[in-house]
Amino acid sequence: MKAAPSPQETFKVGLNSLRGGMAQEAREHIRDAVILRDYVNGRSCFYLLLALLSGRTLQQVPPNEIAMLRCVRSALKDDDEWTDAIKLVDHLLTSRPTEGGAADVEKELQELTDEQRNDVLQHMEMFLDSSAEDALWARAFDEARSDRWAKDRLRRAWKFFQPEPAGARVRPADPVRIRPGTWTGATVTTALALVTVGFIGATAWQHAGTAAVSALLALAAGCYASVRSGVEWRCRKERRQAKDREYLRRPAATTSGDGFASKIDRQFDHYFALYTPRGADRAQWLSETAGVRRALRDEVVTIYRESTVNAKRVAWLTRYLVADVARRWQAGTLWDYRKETRVPMLVKGMCVLAAMAAAVAGAFLVWSGAHVRPFQVSPAALAAVALVWSAARVWLRIAAEYRRHSVDEAEKKSLLAGRQAAFDRWKRRLADRPDDLEMARWLECDRKALMEEAMGLYRLKRHDVLAHAFIEAPATPSYDRARVEKGPWRYSKYKILLFLLTKDGVRQLTVHLDFRKATFPSRARTNYRYDAFTSVQVAETDNGENVFELTLTNGDPIRVKVTDPPTDVTENEDKDPQGASQVTLGTAGLDNALHVLEGVAAEGKEWIVFERQREKVPLAEVSKAVNAIFA
């Protein structure tokens, strides 16, 4: 039975959740560690306070959660570095923009460690609206600007969206297929052939003596040599025919749908078009390799389909196979199997000459035996020819099947070695993939960069922004997504909506973020008055998508798909799709956006004044609770 996590481990999970943008999960874990399991120290109290405030206003903090802070008295020492951090949080909550006030907060912020400062600027963002001047936001922007491309983001970010690759496999060689009747036939015909040939040989010995013995030996050697070279001949011929049927057949039509086979089809179509050899005509390249493409596609579908492996987990193999075909096609070696399976003249000559030698030796034995017992030897000779011919054909079929299996095994072993090497290279390339905390930090920096850009576009100072809200959603129609266990979905492309509430109205900036490149390829600006709001809601569609909708008096509603359907488990084996959808919904900024926009829709511009007044009661409670820590 697995042991329960320690308070320290529970706190660490909560801290990682907080830094990953999952404030609700962070509150649960940190509260469990600090309040229920008595893991009380300066660091845990600081992050408990940040978790309670992260991503929401004071109006959204329940009184019972504020009261939790009173339970951690005497946790800090006067010289504890975390004491200064908690006091700064209190100052951010209770201070207002006064002359010199921002400078004092800036000084306190400067005295914190980098870890503390980054966490304060990230999770106290909602409270910088009223407690800090432009200098504090300038610091936040500077921190984000320096961290936005940190840790080699442009080289590593794309790796997060790559699933754990499935191991290298090959389709096993077909087993040796010989019917039981074949073995029986081979045994019986061989035995009868030996008897008849022995009778003819014994009779011939009476006439020719040692010459008959030499003829018998020549007959045996000729038959063996003829069958041996015939096996090589037949094996090469059948192997070439099998390869031709596999590589030169007319490919079937690409299947449609979202099944595994359809996705593998699209992978091969995509990479064969992408990896067109340099200087080659694409149409010619695709036409000449159509059969090869189909054969490789069928193999991948066969060896991975039954294990429920998702298509993207074998994309590395598709790329490797297509790149190998392109390399061989350009080098002119794609059809080398025809040369390798061509039957050498030496083998053909050996087979024919050995058969002729056996025939001559047999004829000599029959001729010699006919001198002694002509009426017995003649029918025995006819029977011997039929039996030897039948036995040779059966043994040829048996030996060729074993040879085919041996060659197939060697080929599969070579193919597996090449694929395993490609798999190992891909694993090494993904070894430094970023974790969820790095992804969350980069996304937070992108949000800060967007905020800075928006203030520049609208020529706003920080004190001109009375409130703000973000909404993050996947940028349709195409994007990659991935998540760690119990984490939110992270997207390769985002659609971000930023709402800035000013005294003159609402400024909305909508951008598309290419997360892997850290760029905003497109922007759209919208302005409207406070009285233009009609309604704000997040609706769940029939297929389980969560859609944000803002309705204005004029124009079409602003609709944004915030989460995918929870049942749409695309390229990740997700054991809890519903939970993943809810966690993602919590990190998308919807709670705060709804709080702000619903308030404006209900109360208009006056909401800002009313909100400040409503903050006074919870603000006093928070201040008392924070001060209780030091009592």
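Trainee: What should I keep in mind before we start?

Mentor: This is a predicted model, where local features need pLDDT of at least 70, side-chain atom pairs count only at pLDDT 80 or more, and totals for chains, interfaces and linings use all residues. Residues are numbered from 1 along each chain as its sequence is written, and side-chain values use heavy atoms, with hydrogens and water left out.

Trainee: How many helices and strands are there in the protein?

Mentor: The protein has 23 helices and 9 strands. Both are DSSP runs numbered from the N terminus: helices are H or I with at least four residues, strands are E with at least two.

Trainee: Why is Arg156 called buried?

Mentor: Buried means under 20% relative accessible area, exposed means over 50%, and partly exposed is in between (1.4 Å probe, protein chains only). Arg156 has 10% relative accessibility, so Arg156 counts as buried. You'll find Arg156 in helix H10 (residues 153-156).

Trainee: What is Arg156 in contact with, leaving aside its neighbours within four places in sequence?

Mentor: Contact means heavy atoms within 4.5 Å. On that rule Arg156 is in contact with Lys151, Asp432, Arg433, Pro434, Glu438 and Trp442.

Trainee: What makes helix H7 "mostly covered"?

Mentor: In H7 (residues 114-123), 8 of the 10 residues are buried. Those are Gln116, Arg117, Asn118, Asp119, Val120, Leu121, Gln122 and His123. For the protein, buried residues make up 49% of the 631 residues.

Trainee: Why are H15 and H16 called roughly antiparallel?

Mentor: Two packed helices are described by the angle between their axes and the distance between the axes. Axes are lines fitted to C-alpha atoms, for helices over the stretch in contact, and angles run from 0 to 180 degrees between N-to-C directions. Helix H15 (residues 290-305) and helix H16 (residues 315-331) pack at about 155 degrees, with axes 11 Å apart. Angles under 35 degrees count as roughly parallel, over 145 as roughly antiparallel, 65 to 115 as roughly perpendicular and the rest as oblique. H15 and H16 are therefore roughly antiparallel.

Trainee: Which residues meet there, and of which class?

Mentor: Val292, Leu296, Val300 and Tyr304 in H15 meet Trp316, Leu317, Leu321 and Val325 in H16. By class, that contact has 8 nonpolar, no polar and no charged residues. Ala, Val, Leu, Ile, Met, Phe, Trp, Tyr, Cys and Pro count as nonpolar, Asp, Glu, Lys and Arg as charged, and the others, Gly among them, as polar.

Trainee: What about H18 and H19?

Mentor: Helix H18 (residues 345-370) and helix H19 (residues 374-429) pack at about 155 degrees, with their axes 8 Å apart. That angle makes H18 roughly antiparallel to H19. Val366, Gly369 and Ala370 in H18 meet Pro374, Val377 and Ala381 in H19. The contact of H18 with H19 divides into 5 nonpolar, 1 polar and no charged.

Trainee: How do you know that S4 and S5 pair?

Mentor: Two strands pair if DSSP finds at least two bridges between them. Strand S4 (residues 493-502) and strand S5 (residues 505-514) are joined by 10 bridges and run antiparallel, so S4 and S5 pass that test.

Trainee: What makes S1 and S6 the edges of their sheet?

Mentor: The open sheet has 4 strands in the order S1-S4-S5-S6, with antiparallel pairing. Strand S1 (467-474) and strand S6 (519-528) each have a single partner strand, so one side of each is left without a neighbour in the sheet. Helix H20 (residues 436-457) lies across S1, S4, S5 and S6, at about 45 degrees to S4.

Trainee: Which strands make up the open sheet of 3 strands?

Mentor: Its order is S7-S8-S9, with antiparallel pairing. The edge strands, S7 (533-540) and S9 (558-563), each pair on one side only. S7 and S8 are joined by 7 bridges, and S8 (residues 546-552) and S9 by 5. Gln537 has Glu549 in S8 as its bridge partner, while Asn546 stands opposite Thr563 in S9. Helix H22 (residues 590-603) lies across S7, S8 and S9, running at about 150 degrees to S7.
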